[in-house]
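Here is a short briefing for a first look at this structure. Keep the sequence and the 3D view at hand while reading.

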Amino acid sequence: MTFIYLHGFASHPQSAKAKYLRDRFTSIGLNLQIPDLNQDDFSHLTISRQVKQVANLLPSKTDSVTLIGSSLGGLTAAILAQDYLQIDRLILLAPAFNFLSHWLPKLGDEKLDRWQSEKYLPVYHSYEQKHLPLNYNFINDARQYEKLPFSRSLPTLIIHGINDETIPINSSREFANTRPWVELIELDSDHALGNSMGKIWKIIKPFC
């Protein structure tokens, strides 16, 4: 069985969450692959690029893959699971379903128009701890994934904080309510889930 962790937007394989989960998997003798979705080029990040990158890492169709995705990585994991049948289990941490409808209003029309006209917007990268330019094509590319049905039935565990102000928990509640194969666990935490990593490991270990 293959385990792959997909970090979130403006994050990194060396983030606290990624390192914690990798260490936990190592402690039970399992390898957790953590690709760098930035690819040394955060400025031209797109969901499609992430999907292609991870698809190239997947083993043959006869192998079993569990994808663990955080935020935008969670959305990417869910997208991949629709087409790659070797992915037979998903663990999504505060997945970024419908993230454009949450993020773009916070930017405001003026900033969004400027981004579109100037092509790049400075975005704070939490791991680099500085602002990096992000191409507007990130938005154009993301729009094609807004209406995906996510209809493939496979064991899916969603863990989401009830105090999440980045991706409101209602996005996960709505997703789970219409898909009986999805289990949603709500924690008293925010988007980062940083205060709940011990609880998260206790939940995902038996699920895996």
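What volume does the largest pocket have? The answer is about 840 Å³. Lining this largest pocket are 34 residues, and Phe9, Ala10, Ser71, Thr166 and His191 are the closest to its centre. The model is predicted.

**The largest pocket**
- With five residues, α4 gives the most to the lining of the largest pocket.
- The lining of the largest pocket divides into 19 nonpolar, 12 polar and three charged residues.

**The second largest pocket**
- The second largest pocket holds about 230 Å³ of space.
- It is lined by 16 residues, and the closest to its centre are Phe97, Asn98, Glu146, Leu148 and Phe150.
- Both α4 and α7 (169-177) give two or more residues to the lining of the second largest pocket.
- The largest share of that lining comes from α7, with three residues.
- By type, the lining of the second largest pocket has 10 nonpolar, three polar and three charged residues.

**Strands β5 and β6**
- Strand β5 (residues 120-125) runs antiparallel to strand β6 (residues 130-135), and six bridges join them.
- Tyr124 stands opposite His131 in β6.
- In a regular strand, side chains alternate between the two faces of the sheet.
- The covered face of β5 holds Leu121, Val123 and His125.
- The uncovered face of β5 holds Tyr120, Pro122 and Tyr124.
- Four residues lie between the strands of this hairpin.

**Two residues with positive phi**
- Gln129 is not a glycine, yet its phi is positive, at about 60°.
- Gln129 sits in the loop between β5 and β6.
- Gln129 counts as exposed because its relative accessibility is 59%, over the 50% cut-off.
- Ala10 also is a residue other than glycine with a positive phi, near 60°.
- The loop between β1 (2-6) and α1 (16-27) holds Ala10.
- Ala10 counts as buried because its relative accessibility is 4%, under the 20% cut-off.

**Ser43 and its contacts**
- Ser43 is found in the loop between β2 (32-33) and α2 (47-55).
- Its relative accessible area is 15%, so Ser43 is buried.
- The Ser43 side chain reaches the backbone oxygen of Pro133 at 2.6 Å.
- Neighbours within four places in sequence aside, Ser43 is in contact with Tyr120, Pro133, Leu134 and Asn135.

Methods
Residues are numbered from 1 along each chain as its sequence is written. This is a predicted model: local features need pLDDT of at least 70, side-chain atom pairs count only at pLDDT 80 or more; totals for chains, interfaces and linings use all residues. Side-chain values use heavy atoms; hydrogens and water are left out. Buried means under 20% relative accessible area, exposed over 50%, partly exposed in between (1.4 Å probe, protein chains only). A polar contact is a pair of N or O atoms within 3.5 Å; within protein, one must be able to donate a hydrogen and the other to accept it, and residues adjacent in sequence count only if both atoms are side-chain atoms. Contact means heavy atoms within 4.5 Å. Two strands pair if DSSP finds at least two bridges between them. On a 1 Å grid over the protein atoms alone, a cavity is a set of points where a 1.4 Å probe fits but cannot get out, and a pocket is an open set with protein on both sides within 12 Å along at least five of seven lines; lining residues have an atom within 4 Å of a point. Grid points are joined across faces, edges and corners, and a volume is the space filled by probe spheres set on the points. Ala, Val, Leu, Ile, Met, Phe, Trp, Tyr, Cys and Pro count as nonpolar, Asp, Glu, Lys and Arg as charged, and the others, Gly among them, as polar.
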